[in-house]
Structures are given as structure tokens and as C-alpha cells.
Amino acid sequence: MTAYAAPAISPDHTLRQWQYHLRDCSELLNLQQQLAPLQVAGRITKLTGLVMEAVGIQLSVGSVCHIALSDGHHVEAEVVGFDGDRLLLMPQSHVGGIGPGSKVLPLNVSETLPGPHASPHPRRRAADRSRHLPVGPELLGRVVDGGGKPLDGLGPLRTSHSAPLHTRPLNPLERDPIQHTLDVGVRAINSMLTVGRGQRMGLFAGSGVGKSMLLGMMARYTSADVIVVGLIGERGREVKEFIEQILGSEGLARAVVVAAPADVPALMRLQGAHYATTIAEHFRDAGLNVLLIMDSLTRYAMAQREIALAIGEPPATKGYPPSVFAKLPALVERTGNGRAGQGSITAFYTVLTEGDDQQDPIADAARAILDGHIVLNRSLAESGHYPAIDMEQSISRVMHSITSTAHQQAARRLKQLNSRYARSRDLISVGAYQAGSDPLLDEAIRKHEAIAHFLQQGIAESASLADSIVQLTDLTATPA
């Protein structure tokens, strides 16, 4: 048997084979780049009101997707629930053009962030389909909508960072306690309802009592580093008036305004409140003291009610589903002080009391989760008393831990005098009260005009915290 001898292979032949192989791989890579990536898509099967049902796609609650229209445009929607293999979607704009079988495409987060604020981690962010919106100091002086798009006509946002709309709450034991006062520039609040850095306060008022003007004063005169204003569910006309007339150019220079007026879908109103909180969290984590003003918490609750009822959640207290009362503390607890070395978010939430009813379900729930409440009285507003703060019904729950004993005693004394006069007003007005019968009422009558002047303040007037305390001490210590 003859042995088989393998032919000799020269080095040049081996090199040519590798060159051919690499050329084939290069052609395959070029072809792969030219081909469109494979996309998983679903389709719309039902649209009732503002709730759409989609099948053929699996996304988690909070994910964002595109609904393709026949004219080449698209509508963004968010997953708000599911029923078996059917997704429940809520649009972020009008639903005109959506029909049976409309294609539903999942939207990568990086696609929602064009330009300089795109994700620095595209692989991680592509897997996370929850909405991320731009944040950063570049937003100061700008007015944006609930989706992070500019409304002021000053060009695109040149931000370098983005953040998710929903974040995990801080461990309550890791938060810094409230130890420092915050000067809000309003004498009645500084002296009688002293606010601490990181406190959450509610401003309870009916319509037309002056809550927006009071918010504007605090936005202009508060000693915070950054101001974030969330105008949620208000009339479109009031948005421009608040920015130009109430906030002013001085306040806007260090503020970010997120506007989601009443004519936008409920999902965008809900998102606007979360976006304003996200912006405030970004500045707090950077070590700044932030003032968050949200007008109003009631409109936020109403937007959540619209969504919950639309997807079939049963109503509970006066038409509000249970999820509303779960969403309120989840939003409010995101504010407050951060960890050691971080900044703070002092939040003021307006609560609209329908018919001046302080026992409204939303007002009652907000009062339980906030660190204090300021109640505006319609009778005071109609009598020309501004700001129309009802001292008897208002309270700051952290005032006792951030003020001196002398300050607390002076504030308590003024409340006693003011309350005693209010309860005896009818007797005094008809001349039925005899001087000397009640020493406390006698002092209240003597100091009534001075107290009324002390609790009032002009819109263009600023009152510092130190001056407010001095005036309070002099008013309660010296005889009239």
C-alpha cells in the first residue's frame, strides 16, 4: 500500500485564503448595517374614549410606544395597565387618525432624547422603555411642557443629562432632618407659620382667593437657589399671566416652569407633575436648595381619576378611585431633604377646595400627608385683607423644632389675640362689650389695627425672616 503525501501549502496560499475570508465577513457586516433592524410590533384592537387596547406586543406598565398613523405621523402613548395579553394604552396627544389595526411600536428611551441629552449608555437605556426627560441647569429660565418640549420659543433645550420620571423613594432614615428655616419673603408666613428647608406645605383655597398671587410672591422672594414651578391643569391663559405678571423676569431667571394646562390629555397633566418633581430632585441631588411650587395638587388627582376610571378602576370616595389616594403620597414623598451632603426640596402644593369645603376628599388626604397647611379665607379676601391667610386654621408642623421658644410664644400670643377678637367681633360692633370684662379681649381690641396691618402685605413688598420676627416680638410685647 502506497502512503498518501499531502500537497505542500505555501504561506502565500494561506494568506490569500484569509484575505478572502475577511473580505466575505466585511461584506456581510456591510449588508447587515444596510438592512433595517427587526422590529416587534403590535396592533390596536379597540379604542374607547381615551383608552386603547393593543395585542401582539409585551411591555411593562409605564413603557412608551409609538402608534403609527396612515399619513406617516405617529402618536405617543404610555402603557397604563394590561388585561391578560392585552395592553391598555393612554395617548399623550389627540387620537385623531388612529384606526383598527394601527401599528404599535415600542419606543426606546434614547429615541425620545435627540441631540446633546441622548443617553450616554445606549445599551442599558434601550432596554429601559420608561420615559426619561431632560434635566440640568440649562433649563433655568425656560418654560417646557409635560413632555420636556420648550414652549417659550427660545430654541431647543441644550441639556446634557436626563432622568426618569419615576424614581425610587429615599429611605426615610437616610434623610436629613429639617433643621434650618427658609425665608419665603412673606411676613405672615415667616413669623406665624415658619417654614423649614425640606418641608412640604399645602396651600388650601377656593377659586379666586389669591393663591396664585401668594405663590408668585414666594417665587420671587424666597431664599432658595432654584425654583421649579409646575402649573398642572390650570387654564392656558393663567400660565402666561403667572409667568409674565406674577413670577416676573427676576423670578423666571432662576426658575424652571413646567406647564401642563387643562386642555392637554390627563396623562400629560400627570406627567407634568412628575417631570417638575424630577427636575427638583436633580437640583437637590446636586446640593442645591430648591423651592418646588405645584399648582395644583387637586388637578393632579383629577387627572389620575380620569385615567383610573377610564381603565375600569371602580370609584370609591366621592368618585375618586383608590389609586388616587395611593398616588398622592408617592408624589409628595419624593420631595423633602436629601441625604447628608445633598440639598433640599421645599414644596408648596396648592389644593383647590371646591365650594371652600375643607373636608373635600383630596383636601383631607393632602392635609394628612403634608407637613403643614396654609388656609386662605374668602371672607378675608373679600374684605381686602391680603394675603387672606386664616391663622386659626393654618399650621406649620415643624415650626416648633426650627424656631426659638421666644418666637413660638410670640406667635402663640398673636394667635390668641387675633382669635379672641374674631370671636367677639359681633359684640364689639354693636357696642355690647364693656371694657374691662376680659383683659385679653381688651388687649386684642387695642392691638387689632396693628395686628391686621402686620398680617397684610403688598404684592411688591418683601419681608425678610429676621425683620418679621422682630416686628412680631415688638407687637406682642409692647402695650398698644
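A nonpolar core here is a set of buried Ala, Val, Leu, Ile, Met, Phe, Trp, Tyr and Cys residues joined through side-chain atoms within 4.5 Å, where buried means under 20% relative accessible area, exposed over 50% and partly exposed in between (1.4 Å probe, protein chains only). What you have open is a predicted model, in which local features need pLDDT of at least 70, side-chain atom pairs count only at pLDDT 80 or more, and totals for chains, interfaces and linings use all residues. Residues are numbered from 1 along each chain as its sequence is written, and side-chain values use heavy atoms, with hydrogens and water left out.

**Stop 1: the core.** Select Ile 189, Phe 348 and Ile 374: of the 54 residues in the largest nonpolar core, these touch the most other members. That core draws at least three residues from each of domain 2 (132-402) and domain 3 (407-476); the bounds come from an automatic or database domain assignment. For a second, separate core, of 51 residues, pick members including Leu 133, Ala 280, Tyr 300 and Leu 328.

Now zoom in on Ile 374. Skipping residues up to four places away in sequence, Ile 374 touches Ile 189, Leu 193, Met 201, Gly 202, Leu 203, Phe 204, Phe 348, Ile 389 and Ser 394 (contact means heavy atoms within 4.5 Å).

**Stop 2: Asn 289.** Hop over to strand 15 (residues 289-295), where you'll find Asn 289. Strands (E, at least two residues) and helices (H or I, at least four) are DSSP runs numbered from the N terminus. Asn 289 counts as buried because its relative accessibility is 18%.

**Stop 3: Pro 164.** Next, select strand 9 (residues 161-164), which contains Pro 164. Is Pro 164 buried or partly exposed? Partly exposed, because its relative accessibility is 28%. Setting aside neighbours within four places in sequence, Pro 164 contacts Arg 131, His 132 and Thr 278.

**Zoom out.** Color by secondary structure for 15 helices and 19 strands. Of the 480 residues, 49% count as buried.
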